[in-house]
Amino acid sequence: MRVSASGSSAIAAALIAGAALLLSVLSLPSVGRAPAPSAGAEPATITLDLLITGLGAAGGPATHHYYHPSMIVARRGDRLRIRFMNMTFASHGIEFEGYNVRTGVLPGGPRGQEVVEFVADRPGVFRFKCYVPYEPAAGMCSPDHDTQIGYLVVLDAPR
Amino acid sequence: MNRRDSPLGYIALGLSIVALVVSIVMYMSRRPAVETAGPVRVEPARVSLSMVVATFSGQGVFAHRWYPTMLVVREGDTVDLAIANPDEFAHQFELPAFGIKTRILNPGDSERVTFVADKVGVFQFHCSLPYNPAERHCTPDHDEMRGYLIVTK
């Protein structure tokens, strides 16, 4: 009689504890909810020309310089293979802030081309800009040096 | 008398009931899968844009490029492109991953394409009309006429 009373309450305790354990496991955030693999999960290689070009008044010299494209977008982990082409009168050199990537000093014309290649492994918004100071006597950069800025956007979005 | 002699079973019973109540509270208050998986879902957008052949020249370098070069949309967005060729040579726009290909766009031609960006990834678009000077098809920099559509979750 004594044995059966404590035995039945022990069985009930074991059953209730089992149910509690099951609910606890189901409450864990990862159970049964692993993200489905998606087709675009593989890192991509983005191969682009980046033109350094300018505009001025009709028939006049270029006074405002810009990049085409002026914004590069990649996902974290994608590889970028970018060929800079300097189509302006003066020399320019471009650097990506935050990535320690830069071209040499590129003269204007067909010789002023260089490919840089790197993996966009840091998410964020980074400027790319001319690092050659304006020096008219040497044909280096142009008066609008400070505004020759483009942006690299590296997305940290889930794939 | 019997019950007073065997308190262990009742202590276990009481503890397990407390554990069950705690577990039920935890289970009911767990966060939904959508919220833990990522940012809040947003209604699909319709992205309507002009996509043109832009020409650049300077210091003896000529370049023909798609403008804009980079498109970024979310999965499920509808992309609606008015593709136009103001260049003096013929071009053709192709985005193979979504089965998009215009007819040959002669100078001044345009074509509108619409599709749903239903897969995530980085997808290249380019000119699919090979360089042929006799036919005034595309230009020597044909292979560089490319851009990317990035589809994010």
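## Exercises on a predicted two-chain model

Among contacts in chain B between residues at least 6 apart in sequence, 66% join residues at least 24 apart. The structure used in these exercises is a predicted model.

**Exercise 1.** Describe which helices and strands chain B contains, and in what pattern they follow one another along the sequence.

*Solution.* Begin by counting the elements: chain B has three helices and nine strands. Then read along the sequence, where the pattern is α-α-α-β-β-β-β-β-β-β-β-β. Finally, consider burial, for which the share of buried residues is 28% of the 153 residues in chain B.

**Exercise 2.** Work out in which order four strands of chain B form an open sheet, and which strands stand at the edges.

*Solution.* The first step is to write down the order of the strands, which is 2-1-4-7 in chain B, with mixed pairing. From one strand to the next, the twist averages 15°. As background, strands of a sheet pair through backbone hydrogen bonds, either parallel or antiparallel.

**Exercise 3.** Identify the residues that touch the most other members of the largest nonpolar core, and follow the contacts of Phe84(A).

*Solution.* Start with the core, which holds 51 residues, and in which Ala74(A), Phe84(A), Leu149(B) and Ile150(B) touch the most other members. Its largest share, five residues, is supplied by strand 1 (residues 45-55) of chain A. Next, take Phe84(A) and set aside its neighbours within four places in sequence; the residues in contact with Phe84(A) are then Leu50(A), Ile52(A), Ile94(A), Thr103(A), Leu106(A), Gln113(A) and Glu114(A). In soluble globular proteins, nonpolar side chains tend to be buried together.

**Exercise 4.** Describe how many residues each chain brings to the contact between chain A and chain B, and what the side of chain A is made of.

*Solution.* Count each side separately: 46 residues come from chain A and 44 residues from chain B. On the side of chain A, helix 1 (2-27), strand 1 and strand 3 (71-75) each supply at least two residues, and the largest share, 15 residues, comes from helix 1 of chain A. Lastly, sort the residues on this side of chain A by kind, which gives 29 nonpolar, 11 polar and six charged.

Technical notes:
Residues numbered from 1 in each chain as written. Chains lettered and ligands numbered in written order. Predicted model: local features only at pLDDT ≥ 70, side-chain atom pairs only at ≥ 80, totals over all residues. Core = buried A, V, L, I, M, F, W, Y, C linked by C-beta atoms within 7 Å. Buried ≥ 20, exposed ≤ 12 C-beta atoms within 10 Å, placed from the backbone. Contact = placed C-beta atoms within 7 Å. Pairing = 2+ DSSP bridges. Axes fitted to C-alpha atoms, helices over the stretch in contact; angles between N-to-C directions. Nonpolar A, V, L, I, M, F, W, Y, C, P; charged D, E, K, R; others polar.
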